[in-house]
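Let's take a friendly walk through a protein structure, one topic at a time. Keep the 3D view open as you read.

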Amino acid sequence: MDVVIIDGLSFALPLFIMAIGGIYCERSGITMLAVEGLQGFGAFTGALCAVLVSGSFSGNSPVPFYIAMLFAFIGGGVFALIHALLCIKFKANQVISGVVVNILAMALTAYLTKLLNRVLFGATSDKFVLTVSARITIPVLSKIPVLGAAFTNLYPFELVIIVVAFIAWFVMYKTRFGMHLRACGDNPHAVDAAGREVNKIRLAAIIICGALSGLGGICFAYSISANFSSSIYVGYGYLAIAALIFGNWKIMPTLGACLLFGFARSGGYRIVQVLKLPSSYQDLVMILPYVLTLILLMFFSKHNGSPRALGVVYDKGAR
Amino acid sequence: MKIIRKLWDAVKIPLLAIFAGLIAGGVIIAVTGSNPFRAYYSLLQGSGLAPKSSYAAYKSMLTDLCSYANYFTPMIFAALAVAVALRAGLFNIGVSGQMLAAGFTASIIVGYSGLGAVIAKPLVIIIGIIVGGIAGAVVGFLKYKFNINEVVSTIMFNYIFQYVISFFINTYFVDPVSRQSKNVSAASRLTLMDTQIGNLKIDIPLGIILALITVYAVWFLLEKTKLGYELKAVGFSKTAAKYAGINVGKCVVLSMTISGALGGLAGVTYYLGYLGSIQPKVLVDTGYDAIAVSLLGNNNPFGIIFSTMLITLISKGSTYMKSTAGVDSEIASVITGVILLFSACNAYIKWKAANIRARKSLPVNSENHEKIKAGKEEK
């Protein structure tokens with residue numbers, strides 16, 4: 001049981017932070033399908049910086065990891081500018097733009113990883129090897145029965161994510177900027193009439209989305225795969241999008257959706273282990289989050305409240 | 001003259017995108033210290049469109065060309081699948097999953113049976129159409145009945161197919177040496193592998209004929225039939241289509257069914273034509289690249305033939321480019337990505353061009369005005 005909670009949380013929280021990024025973008029009225037690519041590119045920049053600086057720190061120092069997180073944050077945000085350029089400046093179809101950003105991110109990171117490995121380190125490798133982040137246990141809270149597992153063997157990034165997620169929630173619902181952002185997704189003309197620039201707010205939302213996605217990506221790179229390679233693209237970005245749709249574009253219900261995915265996944269793995277099934281049964285278990293998404297969407301999609309101006313290019317002159 | 005003008009209007013933006021992509025790729029290649037012209041020429045050589053300096057036994061330019069055709073046949077089907085869905089305003093991102101489902105089903109039913117070639121080959125194609133069609137129809141039904149965004153559901157199905165099929169392959173159909181599914185029988189292959197003609201051993205892709213017929217059929221369906229017109233109307237505006245008395249739900253399900261069936265054809269030509277076996281836990285890129293190909297071909301079936309040939313030329317030739325020009329083969333997808341980036345902006349470029357033209361010929365005549373509007377609304 002403890003294992004289910006520990007593994008579930010370490011999967012759900014990076015997913016959650018990516019989903020928050022998606023919420024920011026979609027609530028501002030820009031369709032965001034590029035989370036997958038953005039998290040990959042963020043993880044790439046983060047992993048590159050970690051590999052570059054790791055030589056000047058001792059083997060198990062956590063500092064490279066924090067540097068990696070910072071640069072993943074920045075890298076994701078910068079790469080998201082492509083989506084912003086296409087969607088806002090060039091008025092491209094936002095779904096197509098998202099797909100293009102994904103393809104470009106996969107291509108560029110695969111190419112650059114190989115190139116930089118050769119140029120900087122003289123190695124022929126298509127991955128940046130990272131460590132698995134050390135785990136921490138919070139002293140008193142972990143003694144609570146059952147729930148204590150949530151405070152046991154935490155990755156440090158889980159705490160960072162909780163802090164960032166709280167800030168994101170606060171900005172979205174309690175500040176003037178957050179209100180304008182949400183208004184951009186529902187009625188951009190009202191925002192314009194109130195004297196704010198719709199496109200600037202949307203640009204900010206896309207950059208935030210990229211930054212948060214990048215953060216999520218580097219967390220996956222440091223926990224599940226322990227390296228950066230093209231194996232980072234396994235569709236968690238899309239899962240985050242499913243989570244935010246399921247969470248009705250609101251932050252707290254989305255957390256619920258992410259936890260559900262996380263526990264479904266870790267629970268499934270646990271069942272395979274407990275029943276001593278051959279490892280190939282893990283493949284069957286892997287489909288649990290996806291099947292669950294589809295079934296839940298069947299019940300909740302009918303009346304979901306997507307932002308009204310979602311995917312519509314802002315046209316000042318439109319009626 | 002009018003036809004040429006129309007054709008030029010259709011191709012100039014894709015051409016611009018291709019040009020920009022090749023320049024961007026060329027700059028990257030030059031910066032990393034290789035000769036871009038040599039690299040691009042080796043792309044042509046690798047695909048059999050230009051002669052190589054030497055050939056192995058039983059090989060020539062013709063064999064390379066045939067294996068290139070063998071490689072791009074599935075992509076034509078996949079891009080058509082995307083185009084049909086896009087006509088009705090739907091994004092079929094699940095072509096890869098539909099390909100896998102169709103390819104796997106055809107493999108286990110026909111590929112591992114002892115059926116003769118005359119029965120096996122048509123049966124493979126029929127199974128591909130049916131399985132792909134069902135997989136597409138489910139997505140359309142979910143969209144129509146439960147309002148589930150097709151982008152999300154197709155992606156979910158991609159992963160479900162990938163893992164379930166990987167489970168079955170690993171449990172029942174695995175080849176212990178290659179760690180892939182067992183090879184399908186030669187009789188069921190849609191490509192005649194290593195056929196000796198004269199002193200050459202050629203892979204003859206039968207699927208390419210079917211692909212060309214399908215291109216015409218899809219064009220006919222979209223442009224000349226009532227259903228095609230209805231799909232287009234739904235794609236432009238669901239509410240307007242409903243007002244005109246079109247059954248929107250039927251159109252959504254039908255377009256996804258047709259799209260899925262085409263995806264299924266892509267699957268059988270890929271897994272039972274090009275490859276002959278299935279690698280577990282791997283979803284091919286074809287389905288995602290097909291979005292790019294379709295976009296570059298203006299979602300026009302005939303345009304798709306050319307955009308397919310170009311995009312697959314870059315990826316097919318990249319292995320040879322690596323060996324001769326020493327350029328990492330990953331550059332191929334970077335070039336493709338940049339081409340896409342530019343073709344995604346086509347609405348803006350069109351709008352800008354129309355705007356400049358409109359400004360030149362004031363007062364704004366109605367045709368230009370329509371173009372400006374069309375450019376804006378093509379979101």
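## Ground rules

This is a predicted model, in which local features need pLDDT of at least 70 and side-chain atom pairs count only at pLDDT 80 or more, while totals for chains, interfaces and linings use all residues. Residues are numbered from 1 along each chain as its sequence is written, chains are lettered from A and ligands numbered from 1 in the order in which they are written, and side-chain values use heavy atoms, with hydrogens and water left out.

## Where chain A meets chain B

Contact here means heavy atoms within 4.5 Å. Chain A brings 45 residues to the contact and chain B brings 43. Together the two chains bury about 4,300 Å², with 76% of it on carbon and sulfur atoms; buried area is the accessible area (1.4 Å probe) that two parts lose on being put together, summed over both. On the chain A side, A:Tyr111, A:Asp283 and A:Leu294 supply 16% of the area buried against chain B, more than any other three residues.

Two residue pairs are in polar contact across this interface, both at pLDDT 80 or more. A polar contact is a pair of N or O atoms within 3.5 Å; within protein, one must be able to donate a hydrogen and the other to accept it, and residues adjacent in sequence count only if both atoms are side-chain atoms. Helix 4 of chain A gives the largest share of the side that touches chain B, 13 residues. Helices are DSSP runs (H or I, at least four residues), numbered from the N terminus.

## Salt bridges

How many salt bridges are there over all chains? The search of the whole structure finds seven, a salt bridge being a side-chain nitrogen of Lys or Arg within 4 Å of a carboxyl oxygen of Asp or Glu. Between chain A and chain B the count is one. A:Lys114 forms a salt bridge with B:Glu330, with the closest N and O atoms 3.2 Å apart.

Within chain B, the side chains of B:Arg87 and B:Glu223 meet in a salt bridge, 3.2 Å from N to O. B:Arg87 lies in helix 3 (residues 61-87) and B:Glu223 in helix 7 (residues 207-224) of chain B, so this pair ties together parts that are 136 residues apart in sequence.

## A loop residue

B:Ser34 sits in the loop between helix 1 (2-31) and helix 2 (36-46) of chain B. Leaving aside residues up to four places away in sequence, B:Ser34 touches B:Ile29, B:Ala325, B:Gly326 and B:Val327.

## Cavities

A cavity is a set of points on a 1 Å grid over the protein atoms alone where a 1.4 Å probe fits but cannot get out; lining residues have an atom within 4 Å of a point. There are three cavities of 30 Å³ or more. The largest cavity has a volume of about 50 Å³, where volume is the space filled by probe spheres set on the points, and grid points are joined across faces, edges and corners. Among the residues lining the largest cavity are A:Ile30, A:Cys87 and A:Tyr314.

Technical notes:
On a 1 Å grid over the protein atoms alone, a cavity is a set of points where a 1.4 Å probe fits but cannot get out, and a pocket is an open set with protein on both sides within 12 Å along at least five of seven lines; lining residues have an atom within 4 Å of a point. Helices (H or I, at least four residues) and strands (E, at least two) are DSSP runs, numbered from the N terminus.
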